[in-house]
Amino acid sequence: MPRITAATNAAQRAETQRRILTAFGELLFTHGLPGLTMTDVARHAGVGRTAVYNYYADMEQLLIAYALDETERFIVDLRDSLAALENPVDRLALYVRSQVEDLSRRHLPPGPAMAAVLSPGSFAKLADHVGDLNVLLQDILQDGVEQGYLPDTDVAQLARLIHGTLSASAARRNRTPDGETAPPPPASDVELHSASELHAAPEVHTALELHTAQTVRFIQLGAGARFDEAGKPMRLESPTHDALAS
């Protein structure tokens, strides 16, 4: 049993639970989900196996608790970061970058793929948190349309496509045997802008950083964003406005 360091029983329980969730997350990162056991988690957390079962009946409960905890903290941090940016295309870049880095760090099945490892009841518990992420993305896209940086479109459908792209990209990367990044679908514009972005930011050199930069620009362009020669987002020309002005 771990040495009691917290001031109260409630605090000790919270500390033990945090150790279990932290250990589970670290094992997901280093070993992945397949083959992971409650015994592995207990040993890594430095607690008895019975202590883990006092909080979680099985691996599914532990997985859903970890996913909910991480997602909630991720959303809070993401909202704070998005609030510091005004341009919706830059906010879209931050949203995508944050998602790619988070999915790579946590090594959880992304998006709808969680349904493959969770029961319908457990998967439903994620709905509110996933919905919050969807609302964040739709708000960014809607702002982009209203400010003239993105073409008028069905933002709900576009948000689903973006999340699908992120899920597929994360799945490809996580199953690559040698750990190399599997880039997004090739497109000449994506490669051009990615090269420009990397030239402007030479610190982008690791596989994950390259993959993230490519994914960000791929999704920005797919959403209809356009950039000037310096790589800054541009407002789209409005044929209707131009016709009225003439």
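A residue counts as buried when its relative accessible area is under 20%, as exposed when over 50%, and as partly exposed in between (1.4 Å probe, protein chains only). This is a predicted model: local features need pLDDT of at least 70, side-chain atom pairs count only at pLDDT 80 or more, and totals for chains, interfaces and linings use all residues. Residues are numbered from 1 along each chain as its sequence is written, and side-chain values use heavy atoms, with hydrogens and water left out.

**Overall fold**
- The protein chain has 11 helices and 2 strands. These are DSSP runs numbered from the N terminus: helices are H or I, at least four residues, and strands are E, at least two.
- Along the sequence the pattern is α-α-α-α-α-α-α-α-α-α-β-β-α.
- Of the 246 residues, 41% count as buried.

**Helix α10**
- Its buried residues are His211, Thr212, Ala213, Gln214, Thr215, Val216, Arg217, Ile219, Gln220 and Leu221.
- Glycine 224 follows α10, and its phi is positive, near 105 degrees.

**Nonpolar cores**
- A nonpolar core is a set of buried Ala, Val, Leu, Ile, Met, Phe, Trp, Tyr and Cys residues joined through side-chain atoms within 4.5 Å.
- The largest core has 30 residues; Leu78, Leu92, Tyr95, Val96, Leu137, Leu141 and Ile162 touch the most other members.
- Two or more residues each come from α4 (59–83), α5 (88–106), α7 (127–146), α8 (155–174) and α10 (207–222).
- The largest share, 7 residues, comes from α5.
- Another core lies apart from this one, with 25 residues, among them Ala23, Leu28, Val52 and Tyr56.
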